[in-house]
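Subject: Structure handover

Hi,

Here is the structure we talked about. Please open it next to this email and read the notes below with it.

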Amino acid sequence: MPENNNIRAGNVDLKFMKRALKLAEGGRGYVSPNPLVGAVLVKDGKIVGEGYHQRYGEAHAEVNAIQAAGDESLGSTLYVTLEPCAHEGKTGPCTVKIYEAGISRVVIGMQDPNPIVNGKGINFLKSKGIAVDVNVMEEKCRELNAGYIKYITKNIPFITLKIAQTLDGRIATSTGHSKWITSEETRIMAHRLRAKHDAILAGINTIITDDPHLTVRYIKAVSPKRVILDSKLRVPLDANILSEELAHGTIIVTTTDSSKEKIARIKERGALVLVFDADERGWAPLQKLWKALAEIGIISVIVEGGSTVQTECLKDGDADRLVLFIAPKVLGSGIDAIGDLGIRNINSAIALHDFSIRRLNTDLMITGSFKFDSIVG
């Protein structure tokens, strides 16, 4: 394992790694299941070239930065958010390009967990006499590629639960009315969250009740795919998610008990239909769904609607992160944000770790991670 040099990182290294992290975001929505990577070449304290991984199957960030720098690459320092690859893939090994460009030092945000890379890129660079520093701003680099890390290590997507609720834990009134619980500022933040994921997942009740578009609005960004859990195939054929504009980015998840004729009609509109054998509840099993989504390049999913879906993700221990928006409102009776998890002892409560609290206008935003292996049974 490479030495953790994060403590030794100076202000200059942090400055240029922050720039690399910002560049990496340019590939969001275009590179999955590849990682988001940004690269900056610096010489005599000035940026001489920079780049990011722009699209799956195309040149990596390091190569784009080297091409931008040209002859200025010689003797420069490369800042890159992820360990450069040392193998032949869709593009050649970046480590060879780095060596051939005459780069004298490489500063790496994090080691690549992919077994075909994992330390090999670092070792190659060192073997060529290139100075290497590793794990500079590692936490931010891991956060950037949380989906990629889980996809590589577990072959399933990173799952974020997003909930907007009242003070008393309701996501809608008893009649199902929910527009709008939170403020416009919170809704803008929610759309920023959507844009950071490959797919939005919702239950069929959300589609039937609200007929949403499930796209990114308020900000300029790529809209993720839409994944709808619909075991009985109740989705209306005139739903917004099956419109000519949106159908090609929609995935309907159903079971073998569903109408073959309706499946065909949905496919005719351009949507993808994933069909699974129903579990004992008559539902499409989430564990099989996660694997199927990873197989088609979806490595991060934000779960938005509704209570049943959120509850099952928690029951099954699938969720990695929670983003909870709380509005200063009380409804009394209504639809619970989370249903019965079968917990009968407070010591078995699911804990939120590494959480932060932020105010958005009148609302609160609580973000944290789940560590299901630490739950007391």
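Two rings of Phe, Tyr or Trp count as a pair if their centres lie within 6.5 Å. Planes under 30 degrees apart are called stacked, planes over 60 are called edge-to-face, and the rest are tilted. Please keep in mind that this is a predicted model.

**Aromatic rings**

By that definition, the structure holds 1 aromatic pair. The partners are Phe16 and Tyr79, with ring centres 5.4 Å apart and planes at 40°, so the pair counts as tilted. Phe16 belongs to helix H1 (residues 11–24) and Tyr79 to strand E3 (residues 77–80), so the contact ties together parts that are 63 residues apart in sequence. Are the two partners buried or exposed? Phe16 is buried, at 4% relative accessible area. Tyr79 is buried too, at 3%.

Lys128 lies over the face of Tyr99, at 5.0 Å from the ring centre.

**The second largest pocket**

The second largest pocket holds about 1,300 Å³ of space. Its lining is made up of 46 residues, and those closest to the centre are Thr206, Asp210, Glu304, Gly305 and Gly306. Which elements give two or more residues to the lining? Three are strands: E6 (158–166), E7 (170–172) and E12 (300–305). The others are helices: H7 (184–195), H8 (204–210) and H11 (307–315). By class, the lining has 18 nonpolar, 16 polar and 12 charged residues.

Start with helix H4 (residues 120–127). Its buried residues are Gly121, Ile122 and Leu125. They cover an arc of only 100° around the axis, which puts them on the same side of H4. Asn123 and Ser127 are exposed on the other side of H4. The general rule is that an α-helix has 3.6 residues a turn, so residues three or four places apart point the same way.

Helix H10 (residues 286–295) has these buried residues: Leu286, Leu289, Trp290, Ala292, Leu293 and Ala294. Lys288 also lies in H10. Lys288 is partly exposed, with a relative accessible area of 48%. From Lys288 to Ile366 the C-alpha separation is 30 Å, across 78 residues of chain. Just after H10, Gly297 takes a positive phi of about 90°.

**Backbone points to check**

Most residues other than glycine have a negative phi, and most peptide bonds are trans. Here are some exceptions.

Where are the cis peptide bonds? One joins Ser32 and Pro33, with omega about 5°. Pro33 sits in the loop between H1 and strand E1 (38–43). Another runs from Lys179 to Trp180, with omega near -10°. Trp180 is in the loop between E7 and H7.

Thr182 is found in that loop between E7 and H7 as well. Thr182 is buried, at 10% relative accessible area. Thr182 and Lys46 are 44 Å apart in space, C-alpha to C-alpha, and 136 residues apart in sequence.

Next, positive phi outside glycine. Asp44 has phi near 55°. Asp44 is in the loop between E1 and strand E2 (46–52). With 74% relative accessibility, Asp44 counts as exposed. Met137 has a positive phi of about 60°. The place of Met137 is the loop between strand E5 (131–134) and helix H5 (138–144). Is Met137 buried or exposed? The cut-off for buried is under 20%. Met137 has 14% relative accessibility, so Met137 counts as buried.

**One last residue**

Asp354 lies in strand E15 (residues 352–360). Asp354 is exposed, with a relative accessible area of 63%. The C-alpha atoms of Asp354 and Thr367 are separated by 8.2 Å, and the two residues are 13 apart along the chain.

Best wishes

Definitions and conventions. Residues numbered from 1 in each chain as written. Predicted model: local features only at pLDDT ≥ 70, side-chain atom pairs only at ≥ 80, totals over all residues. Heavy atoms only, no water. 1 Å grid on protein atoms, 1.4 Å probe; cavity = no way out; pocket = protein on both sides within 12 Å on 5 of 7 lines; lining within 4 Å. Points joined across faces, edges and corners; volume = space filled by probe spheres on them. Helix = DSSP H or I, 4+ residues; strand = E, 2+ residues; numbered from the N terminus. Nonpolar A, V, L, I, M, F, W, Y, C, P; charged D, E, K, R; others polar. Phe/Tyr/Trp six-rings, centres within 6.5 Å; stacked < 30°, edge-to-face > 60°. Buried < 20%, exposed > 50% of the residue type's maximum accessible area, 1.4 Å probe, protein only. Lys NZ or Arg CZ within 6 Å of the ring centre and 35° of its normal. Arc of directions from axis to C-beta.
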